[in-house]
Amino acid sequence: ATSNGVDMNLFQVLELGDGNLLAYADSKHWLSTDGGVTFTATTAYSSKGFAGGSTIVLHDGSYLNVKNNTIVKRSTDGGVTWTQVGTIDLGTGTKYSQPAEHLSEVKLDDGTYRIFYTAGNQASGQTDGIVTRSVISHVFYSDDNGATWKEAVNSPLDTSNLAYWCESHIIKIKDGPLIHYSSYNSSSSMRYSLSYDGGVTWEGD
């Protein structure tokens with residue numbers, strides 16, 4: 001996304017508890033009180049933990065946030081105060097060196113809720129003296145509001161040969177599978193994987 005011609009990292013839109021929409025990227029914020037028709041720059045949320053990382057509203061009305069350090073924080077007062085509730089272990093070394101920072105919560109077919117976090121796997125190398133880089137998503141999930149996390153099996157890293165597959169999203173199709181899709185990839189089209197077991201395993205590209 002861009003603002004006045006300046007690139008903005010990981011632009012996101014969050015529906016607040018009062019029904020308003022908060023758009024944010026880096027340290028900038030815009031508020032919409034008309035359902036997203038117009039947005040106005042605001043500083044009212046600058047100190048409320050919405051800058052950086054990914055923030056979502058959970059089904060119980062509380063907010064959950066994960067930043068680059070993969071520390072999971074939760075707010076029950078609209079973002080005024082935050083409490084650390086967990087940490088996502090992305091592994092060691094350079095395997096998970098660049099989180100793609102996207103949270104989502106879906107309601108599964110059995111009526112329970114599961115939270116997903118996608119993190120980028122950045123790998124660099126050289127081919128004929130030319131430095132190459134790839135970033136591919138990994139999927140982590142939590143069943144206890146972000147306190148503990150597990151890594152899914154057969155993430156897009158295992159199913160895709162694309163050089164890029166990152167900044168991805170996970171959604172639930174009504175009466176159907178979960179879809180993990182990425183619009184930022186090294187192909188010329190949207191790419192996706194499917195899960196038929198609530199996000200524990202993934203298949204396809």
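Select Lys 172 and Asp 109: the two form a salt bridge, with the closest N and O atoms 3.0 Å apart. A salt bridge here is a side-chain nitrogen of Lys or Arg within 4 Å of a carboxyl oxygen of Asp or Glu. Lys 172 lies in strand β16 and Asp 109 in the loop between β11 and β12 (113-127), so the pair ties together parts that are 63 residues apart in sequence. Strands are DSSP runs (E, at least two residues), numbered from the N terminus.

Some ground rules before moving on. This is a predicted model, in which local features need pLDDT of at least 70, side-chain atom pairs count only at pLDDT 80 or more, and totals for chains, interfaces and linings use all residues. Residues are numbered from 1 along each chain as its sequence is written, and side-chain values use heavy atoms, with hydrogens and water left out.

Now colour the pair by accessibility. Lys 172 is partly exposed, at 24% relative accessibility. Asp 109 is exposed, at 61%. The cut-offs are under 20% relative accessible area for buried, over 50% for exposed, and partly exposed in between (1.4 Å probe, protein chains only).

Zoom in on β16 and β17 (residues 178-182). The two pair in the antiparallel sense over 4 bridges; strands count as paired if DSSP finds at least two bridges between them. Pick His 169 and look across to Tyr 181 in β17, which stands opposite.

Select Asp 60 and Arg 74 next, where the closest N and O atoms are 2.4 Å apart. Asp 60 lies in the loop between β7 and β8 (63-66) and Arg 74 in strand β9 (residues 71-75), so the pair ties together parts that are 14 residues apart in sequence. Asp 60 is partly exposed at 41%, and Arg 74 is partly exposed at 21%.

Follow Arg 74 along its strand. Its bridge partner is Leu 64, and 4 bridges join β8 to β9, which run antiparallel. On to β10 (residues 83-87): β9 pairs with β10 in the antiparallel sense, also over 4 bridges. Here Val 72 has Gly 86 as its bridge partner.

Jump to Arg 114 and Asp 143, whose side chains meet in a salt bridge at 2.6 Å, N to O. Arg 114 is in strand β12 and Asp 143 in the loop between β13 (130-142) and β14 (150-151), so the pair ties together parts 29 residues apart in sequence. Buried or exposed: which describes Arg 114? Arg 114 counts as buried, at 11%. Asp 143 is partly exposed, at 49%.

**The largest pocket**

Finish with Val 13, Thr 55, Ile 56, His 102 and Leu 103. Of the 18 residues lining the largest pocket, these are the closest to its centre. Five strands, β3 (12-15), β4 (21-25), β7 (54-57), β11 (98-107) and β16, each supply at least two lining residues.

Notes
On a 1 Å grid over the protein atoms alone, a cavity is a set of points where a 1.4 Å probe fits but cannot get out, and a pocket is an open set with protein on both sides within 12 Å along at least five of seven lines; lining residues have an atom within 4 Å of a point.
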